[in-house]
Amino acid sequence: GKGARYTPVSKRQDKPDGIRWLLQNHPELTVTEIGKLLGTTKDTIVKVRDKTHLNSANIKPRDPVILGLCTQSALNAAVAVARARLPAE
């Protein structure tokens with residue numbers, strides 16, 4: 001198999017944007033779940049969340065499915081798992 005995929009510079013901004021979108025739209029997802037979904041590190045997610053990311057000023061929430069970072073079905077599955085964990089209202 002191939003090694004780590006090279007992320008073109010133009011796409012590097014996509015993960016932080018996708019992370020911010022998930023943090024805003026799906027607060028029930030854990031850092032670990034977001035990391036698995038988008039293939040990113042806990043460190044990056046925490047920095048985006050805490051707005052200490054190097055590029056924080058330029059990060060804008062964008063749907064990670066549209067960005068091609070994950071599939072809609074993977075997102076739906078992760079959200080379903082996260083919601084199942086929440087106490088019933």
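This is a predicted model: local features need pLDDT of at least 70, side-chain atom pairs count only at pLDDT 80 or more; totals for chains, interfaces and linings use all residues.
User: At what angle do helix α2 and helix α4 pack?
Analyst: Helices are DSSP runs (H or I, at least four residues) numbered from the N terminus. Axes are lines fitted to C-alpha atoms over the stretch in contact, and angles run from 0 to 180 degrees between N-to-C directions. For α2 (residues 14-25) and α4 (residues 42-50), the axes are 9 Å apart and the angle is about 65 degrees.

User: Which residues of α4 make the contact with α2?
Analyst: Contact means heavy atoms within 4.5 Å. The residues of this contact divide into five nonpolar, one polar and two charged. On the α2 side they are Pro16, Ile19, Arg20 and Leu23, and on the α4 side Thr44, Ile45, Val48 and Arg49.

User: How many residues does the largest nonpolar core have?
Analyst: A nonpolar core is a set of buried Ala, Val, Leu, Ile, Met, Phe, Trp, Tyr and Cys residues joined through side-chain atoms within 4.5 Å. Those with the most contacts inside the largest one are Ile19, Leu22, Leu29, Ile34, Leu37, Leu38 and Leu75. Two or more residues each come from α2, α3 (31-38), α4 and α5 (72-85). The core has 18 residues.

User: How many of the eight residues of α3 are buried?
Analyst: Buried means under 20% relative accessible area, exposed over 50%, and partly exposed in between (1.4 Å probe, protein chains only). In α3, the buried residues are Val31, Glu33, Ile34, Gly35, Leu37 and Leu38, and their cover includes α2, α4 and α5. Helix α3 is therefore largely enclosed by the rest of the structure, the number of buried residues being six.

User: Which residues does Ile34 touch, not counting those up to four places away in sequence?
Analyst: Ile34 is among the residues with the most contacts inside the largest nonpolar core. Its partners beyond four places in sequence are Ile19, Leu22, Leu23, Leu29, Gly39, Thr40 and Ile45.

User: How far apart in sequence are the parts tied together by Arg62 and Asp14?
Analyst: Arg62 forms a salt bridge (a side-chain nitrogen of Lys or Arg within 4 Å of a carboxyl oxygen of Asp or Glu) with Asp14, the closest N and O atoms being 2.6 Å apart. Arg62 is partly exposed, at 29% relative accessible area, whereas Asp14 is buried, at 5%. Arg62 lies in the loop between α4 and α5 and Asp14 in helix α2, so the parts tied together are 48 residues apart.

Key
Residues are numbered from 1 along each chain as its sequence is written. Side-chain values use heavy atoms; hydrogens and water are left out. Ala, Val, Leu, Ile, Met, Phe, Trp, Tyr, Cys and Pro count as nonpolar, Asp, Glu, Lys and Arg as charged, and the others, Gly among them, as polar.
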